[in-house]
Amino acid sequence: MALAPVPKLVLGSVAFAVFWVLAVFPAVPFLPIGRTAGSLLGAMLMVIFRVLTPDQAYEAIDLPILGLLFGTMVVSVYLERADMFKYIGKLLSWKSKGAKDLLCRICLISAVSSALFTNDTACVVLTEFILKIAKQHNLPPHPLLLALATSANIGSAATPIGNPQNLVIAVQGKISFGKFLIGVLPAMLVGVLVNAMILMVMYWRVLSIQKDEEDPIADHAAEEEVNSHQFSPATMSHFNSFNSQEWNARVESFNIQSSPQVHSLRNRSTASDGEIDRVLSNTLDSRRNSNASKEDTNGMAMPSQTVEETSPSKGDANAIVHKPIEAHVLLTSEEKDFVSVRWKYVLWKSCVYIITLGMLVAMLLGLNMSWTAISAALALVVLDFKDAMPSLEKVSYSLLIFFCGMFITVDGFNKTGIPGALWDVMEPYSRVNSASGIAILALVILILSNVASNVPTVLLLGGPVAASAAAISPDYEKKAWLILAWASTVAGNLSLLGSAANLIVCEQARRAPNIAYTLTFWNHLKFGLPSTLVITAIGLTLIR
């Protein structure tokens with residue numbers, strides 16, 4: 001590919017360099033404006049320097065990718081409100097049989113949840129809970145956090161909705177959800193297994209340390225901390241599980257404010273089904289005890305209410321049988337309303353799960369992924385039947401804006417001709433119809449993904465790599481896209497800075513109250529380097 005004129009080439013490179021510095025080092029001292037503003041600055045410079053016209057800049061924005069990203073984020077918000085992540089987290093601690101069993105569970109659960117809800121979401125939700133489990137069982141957090149971050153990255157490679165670069169690949173490569181899943185799933189499953197084995201080998205000794213002398217009080221406190229954990233992404237500023245304003249309004253209308261259990265429930269606003277049951281039961285008991293106390297105080301202890309039934313007997317066919325009325329069958333209208341609220345909530349959660357499952361089935365059947373995700377998101381908004389603003393505010397609009405700026409910046413850099421010229425040099429040695437070509441291509445992707453980040457790498461290499469493979473065979477074109485997806489995703493495990501999921505785990509662990517843990521760059525690299533190379537190599541042999 002011919003290079004652009006020198007002014008356009010130089011100015012386009014400067015604009016891309018500004019974007020790259022701010023994307024990789026968002027808090028750089030001389031311009032600490034962050035990744036999102038950095039991507040917009042790079043896009044603006046591309047237009048100001050006349051590398052792109054304004055119309056070309058607008059055309060560079062890939063709306064299907066943004067639509068798919070937005071739809072999946074909205075669906076994740078409603079799944080979080082419906083306690084899906086609470087149930088996923090509980091699988092980690094349910095009948096756990098020790099440190100090694102826990103590590104394997106973390107690898108499996110984080111991989112599967114990442115494939116369905118994105119790797120970033122899985123890491124945000126599970127990091128603090130894993131720290132609490134580690135504290136409860138007196139385990140070192142380091143290998144467990146590594147298992148979470150690395151398995152989340154590997155698992156996210158299996159589906160187009162697992163991570164942002166896969167969204168780009170599926171849309172630009174026109175690969176359906178089903179074909180993408182079938183092509184990468186074997187590599188993902190083997191990769192997760194190998195990742196768990198490497199963790200076992202490297203940390204076998206620390207995972208084999210027995211718990212210190214039992215401290216019943218401390219053990220009980222740690223267990224309570226795990227059981228009471230609220231699964232809510234830290235970036236979400238609103239309540240989770242159930243709409244707290246509606247819940248409080250309902251509770252106020254029941255005229256049972258004096259109950260301490262209800263007061264506790266109102267304050268938490270995130271009660272589980274079991275908690276709702278306990279509150280209702282305790283409230284009913286307290287009302288009955290209160291009524292009985294009032295009767296005793298007034299000196300009007302009434303005999304038990306009875307109903308008369310006629311029952312045949314040997315002595316008298318019309319004998320009257322007196323039976324006491326059971327007190328617990330007499331529910332006031334307020335209490336019945338309380339029960340109905342709970343069941344409405346259970347029904348709403350079931351509908352959320354059904355709609356999400358329907359979205360995944362529709363994608364597997366080959367329907368347009370962007371419109372399927374948006375339709376599912378709107379169905380959940382309508383089903384909620386209330387102002388959607390609190391839920392929509394949880395969507396990461398800064399990520400969507402970052403993508404818009406990145407699309408424009410990368411397209412401008414491509415117009416300079418530099419990426420095309422570099423690919424022309426590499427292309428003869430990086431063809432996907434030979435083992436050596438695949439190895440060289442994967443190595444280039446690994447390096448670029450850790451230097452320029454995985455999404456820009458996919459945007460820069462995707463077109464040239466696919467065109468080169470298409471010249472060989474249409475089947476090789478799809479394989480080239482899937483190799484790009486696998487290598488760019490697993491490359492995130494190489495270093496702490498290689499993936500947003502890694503940084504999320506690091507920051508969430510560092511900020512966790514009372515159980516904070518710092519995952520250092522070198523500790524991650526010591527495991528990430530061999531794991532990434534081995535898993536990438538094994539996965540490349542299984543991509544179809």
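1. Asp-83 and Lys-349 are both buried, that is, under 20% relative accessible area, with exposed meaning over 50% and partly exposed in between (1.4 Å probe, protein chains only). The two residues form a salt bridge, their closest N and O atoms being 3.6 Å apart; the term denotes a side-chain nitrogen of Lys or Arg within 4 Å of a carboxyl oxygen of Asp or Glu. This pair joins distant parts of the chain, 266 residues apart: Asp-83 lies in the loop between helix H4 (63-81) and helix H5 (84-93), and Lys-349 in helix H16. Helices are DSSP runs (H or I, at least four residues), numbered from the N terminus.

2. The model is predicted: local features need pLDDT of at least 70 and side-chain atom pairs pLDDT 80 or more, whereas totals for chains, interfaces and linings use all residues. Residues are numbered from 1 along each chain as its sequence is written, and side-chain values use heavy atoms, without hydrogens and water.

3. The whole structure contains 11 salt bridges. One of them joins Arg-511 to Glu-507 at 3.3 Å between the closest N and O atoms. Both residues lie in helix H24 (residues 500-511), 4 residues apart, about one turn of the helix. Arg-511 is exposed, at 62% relative accessible area, while Glu-507 is partly exposed at 30%.

4. The largest nonpolar core has 133 residues, of which Leu-92, Phe-403 and Trp-486 touch the most other members. Such a core is a set of buried Ala, Val, Leu, Ile, Met, Phe, Trp, Tyr and Cys residues joined through side-chain atoms within 4.5 Å.

How values were computed
Helices (H or I, at least four residues) and strands (E, at least two) are DSSP runs, numbered from the N terminus.
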